[in-house]
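Open the model in your viewer and keep the selection panel at hand. This tour goes from stop to stop, saying what to pick and what is there.

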Amino acid sequence: MTTNFVSAAELMAKVLGMPGYDFAIIDHPVSSATDAGLRERAIAALKQGSAMLLR
Amino acid sequence: MIFRVLDPTPEKTAPLGQKAPRLDTLRGKTVGFISNGKEGTKAFFAHMEDVLRKDYGVANVVLRAKPNYSAPAPAAIVGEIKSWDAVISGIGD
Amino acid sequence: MQLASRTYEADSIASVQELYHSNGWTDGLPIVPPTEDAVRACLERVMMTPDQLIGIEPVRELPITAEKLAINAVMAGCLPMHFPVVVTAWMAMMREEFLMHGATASTGGCAVLVVINGPIREEIGALGSFNALGNSDRGTAVIGRAIRLCLINLMDVRPGAIDRSTLGHPGKYSYCVAEDEDDLAWTTLAEQRGLPREASAVTVMAAGAPRQIMNEWTTKPEEILETFAAEMRANLRHYSIHPGNYALIIPKQLREHLQAAKWSKSDIAAFIHERARIHRREWADVGKGNVVRDRGDSVYPAMQSADQLLVIGAGGPAGGFGAVIPPWLGDKSYAVTLPIGACVDCEPPPSVKGSVR
């Protein structure tokens, strides 16, 4: 999720029957970020997200 | 005077879902991305793929973009998920 | 008629208001207390049982029942005579091509424009004359408000919850207009979209705020319509390049010039389709050069085809003021037109899409 959509993600998880679903959070916005900014976000997303995919 | 008034919201809530089993490792696995297709996502997922391969040893990466970023992923993409070991999606702009 | 909803007791009109406001069940304005009698009267009007399924919201598979629509309609101020319009508008909004979740959740901040055609206009006193896009009459005020309260309460489309609008617009309180059919030499909007003139009908469109234009200095159709087309080109540049359903609101004073010159709605749509288009490179002129890249010469029409233009006659008798109502996100969500009917056992009514037919 980008930071500005965290509350949307939390609500959608709840209404879809998965309250408390974990997700990685990266800086908003993506649409106007530089390439270096996108790389940083990708690293940050995987740092948080890889733990969620593993036991 | 007592007003007896009705609840305007749905009483029913969604049945609880269940998480897919987690993996032991990402090494050698196939990871699918479902992108919302918005501006910036192409380069973002390219970096994700690069980092997953180099730093996490992921073997295959599949990128799928939704044809309409405001709609749920179409059935064809959802159907592919079964053939991946893990899926990464997101919400953002 | 047994209602299924939870009930609350309140000892005054003020405590009813606080109960609903504190639960986030309103749009901020006072509501009419939804009592069992008032809700039953709405359901009886459309001959529906409380558990009648209006549709299933696809993203979360949430069933929408007639009872819940009626509760929200009463809260909005609807009388039973207004309820058939609310029910039909919701049936239309739940069509796949309308993309309700996307249209109501988007940062783009559109509202649901509801257009009413046919005899029901006279019954509810919605005639599409003075102040047509504003507070013109009770019927359109409460019907438009009912759509928003239903979204808030049935789908969590609250600001900051599912509704992620950056700005939104005033039409999110109520956005409903009746076409002025009294002296309309043209086909009505619903006729234009394939329904018989004698049927009452509802058209819904995921729509931005109206952009007002003015041209009182000509009687020539091409010049009048060029002003509308220019506003559409401005929208293509400043807001979104996606083609889709645009609505034009044409007031009586301008209609008279167009009708005198024997221009039909189809003629208007064909002319606008030719004129309302820009080159991609024009985006660079308005600060959006980063997304133009190498396709500057591509031409972007406002509509995929002329029949995507919704031409609506409405407005007070004097003044050369018209409006362009732009789509939320063009080809992501299409306008839907349905006839109003109370049939519960028959086949679902046919929908008429805004796309190429």
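Start at the interface of chain C and chain B, where 11 residue pairs are in polar contact, both residues at pLDDT 80 or more. A polar contact is a pair of N or O atoms within 3.5 Å; within protein, one must be able to donate a hydrogen and the other to accept it, and residues adjacent in sequence count only if both atoms are side-chain atoms. On the chain C side, the elements giving two or more residues are strand E1 (7–10), helix H1 (13–22), helix H2 (36–45), strand E3 (62–65), helix H3 (66–76) and H7. Helices (H or I, at least four residues) and strands (E, at least two) are DSSP runs, numbered from the N terminus.

This is a predicted model: local features need pLDDT of at least 70, side-chain atom pairs count only at pLDDT 80 or more, and totals for chains, interfaces and linings use all residues. Residues are numbered from 1 along each chain as its sequence is written, chains are lettered from A and ligands numbered from 1 in the order in which they are written, and side-chain values use heavy atoms, leaving out hydrogens and water.

Stay with chains C and B. Here 38 residues of chain C are in contact (heavy atoms within 4.5 Å) with 20 residues of chain B. The buried area is about 2,500 Å², with 58% from carbon and sulfur atoms. Buried area is the accessible area (1.4 Å probe) that two parts lose on being put together, summed over both. Select C:Arg6, C:Lys68 and C:Lys332: in chain C they lose the most area to chain B, together 18% of what that side buries.

How many salt bridges are there between chain C and chain B? The count is 4. A salt bridge is a side-chain nitrogen of Lys or Arg within 4 Å of a carboxyl oxygen of Asp or Glu.

Move to chains A and B. Their contact takes 30 residues from chain A and 29 residues from chain B. They bury about 2,600 Å² between them, 67% of it on carbon and sulfur atoms. There are 3 salt bridges between these chains. Select B:Asp24 and A:Arg55, which form a salt bridge with the closest N and O atoms 2.7 Å apart. H2(A) gives the largest share of the chain A side, 12 residues.

Now select helix H2 of chain A, residues 35–53. A kink of about 30° is centred on A:Lys47; the bend at a residue is the angle between axes fitted to the seven residues ending there and the seven starting there.

Next, go to A:Pro29, in the loop between helix H1 (6–15) and H2 of chain A. A cis peptide bond joins A:His28 and A:Pro29, with omega about -5°.

Finish in chain C. C:Met47 is not a glycine, yet has a positive phi of about 55°. Is C:Met47 buried or exposed? C:Met47 is exposed (over 50%), at 58% relative accessible area. Then select C:Asp163, which counts as buried at 7% relative accessibility. The side chain of C:Asp163 makes a polar contact with that of C:Ser165 (2.7 Å).

Definitions and conventions. Buried means under 20% relative accessible area, exposed over 50%, partly exposed in between (1.4 Å probe, protein chains only). The expected span of a helix is 1.5 Å times one less than its number of residues.
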